[in-house]
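Here is a friendly briefing to read alongside the model. Please keep the viewer open as you go through the points.

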Amino acid sequence: MPHVTMCTPSTRPGAGFVDPMLWENREADSTSLRLEFDGMKGRAWLMKWLPSRAYDNAIYAIFSNPIGMDDDQLKNGCSMIIDPFGDIIAECRSFDDSFVTATITPEKLTLAGGHRYLNARRPELYRDIIGQEHDSEQKVVWLENK
């Protein structure tokens, strides 16, 4: 899954960098840092789309993301494993470098609703649309000003 999705500017309301001073002061004031990391700049945004991707595609989603300073940007972690029902089964919540593991069960891959959706696809209805010529373009808002 993509990892540079949080704590960066975008046109999305609530997005933006997290002040590096919060990271520097994390031991004295962990609450302020946690609020920024868990809010719309971070985890709250991730939770709007990541569980639905796991569910819609009937997959175990493994999301990894660094925590701490990455050059001049503060990264908020939030690494997690999500099951095909969209439920978090393991998550890194520490301000330290960490990792998690989880037991996955193959049955969830076929029991989740996304499995039915994938089997019900009708590519003949959209094959011509997605098969058209297209010039790919990627604009990263916060990189354009450098």
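This is a predicted model: local features need pLDDT of at least 70, side-chain atom pairs count only at pLDDT 80 or more; totals for chains, interfaces and linings use all residues.

Residues are numbered from 1 along each chain as its sequence is written, and side-chain values use heavy atoms, leaving out hydrogens and water.

**The sheet**

- An open sheet is built from 3 strands in the order β1-β4-β5, with antiparallel pairing. Strands (E, at least two residues) and helices (H or I, at least four) are DSSP runs numbered from the N terminus, and two strands pair if DSSP finds at least two bridges between them.
- At the edges lie β1 (61-63) and β5 (88-91), each of which pairs on one side only.
- From one strand to the next, the twist averages 10°; axes are lines fitted to C-alpha atoms, for helices over the stretch in contact, and angles run from 0 to 180 degrees between N-to-C directions.
- Strand β4 (residues 80-82) is joined to β1 by 3 bridges, and A61 has I82 in β4 as its bridge partner.
- On the other pairing, 3 bridges join β4 to β5, again antiparallel, and I82 stands opposite I88 in β5.
- The hairpin of β4 and β5 has 5 residues between the strands, and G86 takes a positive phi near 90° there.
- As background, strands of a sheet pair through backbone hydrogen bonds, either parallel or antiparallel.

**Aromatic rings and charges**

- There are 4 aromatic pairs in the structure. Rings of Phe, Tyr and Trp (its six-membered ring) pair if their centres lie within 6.5 Å, with planes under 30 degrees apart counted as stacked, over 60 as edge-to-face and the rest as tilted.
- The F37 and F95 rings have centres 6.0 Å apart and planes at 75°, so this pair is edge-to-face.
- That pair links distant parts of the chain, 58 residues apart: F37 is in helix α2 (residues 30-38) and F95 is in the loop between β5 and α4 (107-111).
- Both F37 and F95 are buried (under 20% relative accessible area, with exposed over 50% and partly exposed in between, using a 1.4 Å probe and protein chains only).
- W23, F37 and F95 are linked into a cluster by ring pairs.
- R26 lies over the face of W23, 3.9 Å from the ring centre, and the charged end of R12 sits over the ring of W45, 4.2 Å from its centre. For such a charge, NZ of Lys or CZ of Arg must be within 6 Å of the ring centre and within 35 degrees of the ring normal.

- D38 is found in helix α2 and counts as partly exposed because its relative accessibility is 24%.
- Leaving aside neighbours within four places in sequence, D38 is in contact with R43, A44 and R93.
- E91 lies in strand β5, and a polar contact of 2.7 Å joins its side chain to that of R43.

Note on methods
A polar contact is a pair of N or O atoms within 3.5 Å; within protein, one must be able to donate a hydrogen and the other to accept it, and residues adjacent in sequence count only if both atoms are side-chain atoms. Contact means heavy atoms within 4.5 Å.
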